[in-house]
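The points move from the chain as a whole to individual residues.

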Amino acid sequence: MLKSFFEENEIQYLENESLKKHTTFKVGGKAKFIALPSDAAQAAKLLCFLKDSGIKYYILGKGSNVIFRDEGFDGVIVKTANLNKIEYLDDTTVYSGAGVQLSTLCKNLQEKSLKGLEFCYGIPGNVGGGLFMNAGAYGGEICSAVWEVEYLDENCQLKKINVKDCDFSYRHSVFQSKNWLITGCVFKLQLGNKEEILAFMEDIMQRRVTKQPLDKPSAGSSFKRPAGYFAAALIEECGLKGCSVGGAQVSEKHSGFIINKGDATCTDIVALAEHVEKVVLEKTGVKIEKEMIIV
Ligand SMILES: Cc1cc2nc3c(=O)[nH]c(=O)nc-3n(C[C@H](O)[C@H](O)[C@H](O)COP(=O)(O)OP(=O)(O)OC[C@H]3O[C@@H](n4cnc5c(N)ncnc54)[C@H](O)[C@@H]3O)c2cc1C
């Protein structure tokens, strides 16, 4: 039934696909289907069909903050990678599809001498996932450049929401409490100096390479920053650097990252993250909370 729906509506899909290939942690079982709508109209048609048919689905961006369970996903992963249009609306206003990679958008803006999102360079997610998480780095948060977000609501209707109604705060947005699919976003940028923007982007990328275990699969910082503390410092203070469960390990290079040494399972990662949370709470009294999302 699903295959004929995809084929009749010319929706690109993958069947019985390993989710390891679709997340930066490289763990998880297989998805029954991964569907890749090519625009908002196709995404709306797909979501309506899945809802009406009672088929389980999950929206996936670049998979850089999500890990899937080892038993896999018995439904449809709706992957936004093909919602990848970038369109300039005027000199400083740009529409980006949800499936555009943040680093690709940053490079595109830099070439047009536009600043306002350059701190996102090196965050390995897409625009949609960045908005959902209110991704941020080096003093910036994606919400600071948002004008309005375009999304499909729970009835698969295409709507727009102004930034002031998005309830953005540290790693939080309104999208986390809604069953919506973000299809794109209008960003307002400022004109800047092309070379200075490039220099900043290269500098923060260098800082990432120096400080983060980028040679190993991960979901970036595994824990949110608890108010008044740094998760990595607390983890280190508790002697958990290098601690491992199966193939999952607290990185020796950056204690805030749990890494996949090569053969980790989702179960290993979750067990290690829960162990870290428990020890940190017992030894320091501070509650740290996972940033990565387990599906
Ligand atoms: C090496 C590394 C470094 C990182 N550094 C940073 C950093 O500096 N700062 C930071 O904030 N994060 C960082 N991250 C984490 C991650 O890149 C961000 O959270 C990013 O915003 C996730 O985007 P994504 O497209 O990968 O989303 P995914 O991981 O695919 O999804 C994340 C959540 O968003 C939802 N979602 C995704 N797209 C949509 C959509 N279109 N509509 C509705 N919901 C959607 C998903 O359902 C899921 O719940 C890092 C990760 C790695 C691996």
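1. Surface. The protein chain exposes about 13,600 Å², of which carbon and sulfur atoms supply 48%. The model under review is a predicted one, and every value in this note should be read accordingly.

2. Overall dimensions. For 295 residues, a compact globule would have a radius of gyration near 19 Å; the protein chain has 19 Å, so the two agree. The C-alpha trace spans about 55 × 50 × 30 Å along its principal axes.

3. Composition of the fold. Seven helices and 19 strands make up the secondary structure of the protein chain. Of the 295 residues, 53% are buried. Among contacts between residues at least 6 apart in sequence, 63% join residues at least 24 apart.

4. Charge. The protein chain carries 36 positive and 37 negative side chains. The centres of these two sets lie 3 Å apart.

5. Residue T93. This residue is found in strand β7, which covers residues 93–97. Is T93 buried or exposed? Its relative accessible area is 5%, under the 20% limit, and T93 is therefore buried. Its side chain takes part in a polar contact of 2.8 Å with the side chain of D90, and in another of 3.3 Å with the side chain of K188.

6. Residue S96. Strand β7 also holds S96. The relative accessible area of S96 is 0%, so S96 is classed as buried. Leaving aside neighbours within four places in sequence, S96 is in contact with K85, L105, V127, G184, C185 and F187.

7. Residue S103. Helix α3, residues 102–111, contains S103. With a relative accessible area of 17%, S103 is buried because the limit for that class is under 20%. Which residues does S103 touch, apart from those within four places in sequence? They are C120, Y121, G122 and I123.

8. Residue I161. This residue lies in strand β12, residues 158–162, and counts as buried at 10% relative accessibility. Not counting residues up to four places away in sequence, I161 touches W147, E148, V149, Y151, C166, V174, F175 and W180. The C-alpha atoms of I161 and E150, eleven residues apart along the chain, are separated by 6.5 Å.

9. As for accessibility, D167 counts as partly exposed at 48%, whereas R171 is buried, with a relative accessible area of 12%.

Conventions: Residues are numbered from 1 along each chain as its sequence is written. This is a predicted model: local features need pLDDT of at least 70, side-chain atom pairs count only at pLDDT 80 or more; totals for chains, interfaces and linings use all residues. Side-chain values use heavy atoms; hydrogens and water are left out. Helices (H or I, at least four residues) and strands (E, at least two) are DSSP runs, numbered from the N terminus. Buried means under 20% relative accessible area, exposed over 50%, partly exposed in between (1.4 Å probe, protein chains only). A polar contact is a pair of N or O atoms within 3.5 Å; within protein, one must be able to donate a hydrogen and the other to accept it, and residues adjacent in sequence count only if both atoms are side-chain atoms. The radius of gyration is taken over C-alpha atoms; the globule rule is 2.2 Å times the number of residues to the power 0.38. Contact means heavy atoms within 4.5 Å. Accessible areas come from the Shrake-Rupley method with a 1.4 Å probe; for residues, only the protein chains shown count as cover. Lys and Arg count as positive and Asp and Glu as negative; His and the chain ends are not counted. The place of a charge is taken as NZ of Lys, CZ of Arg, CG of Asp or CD of Glu.
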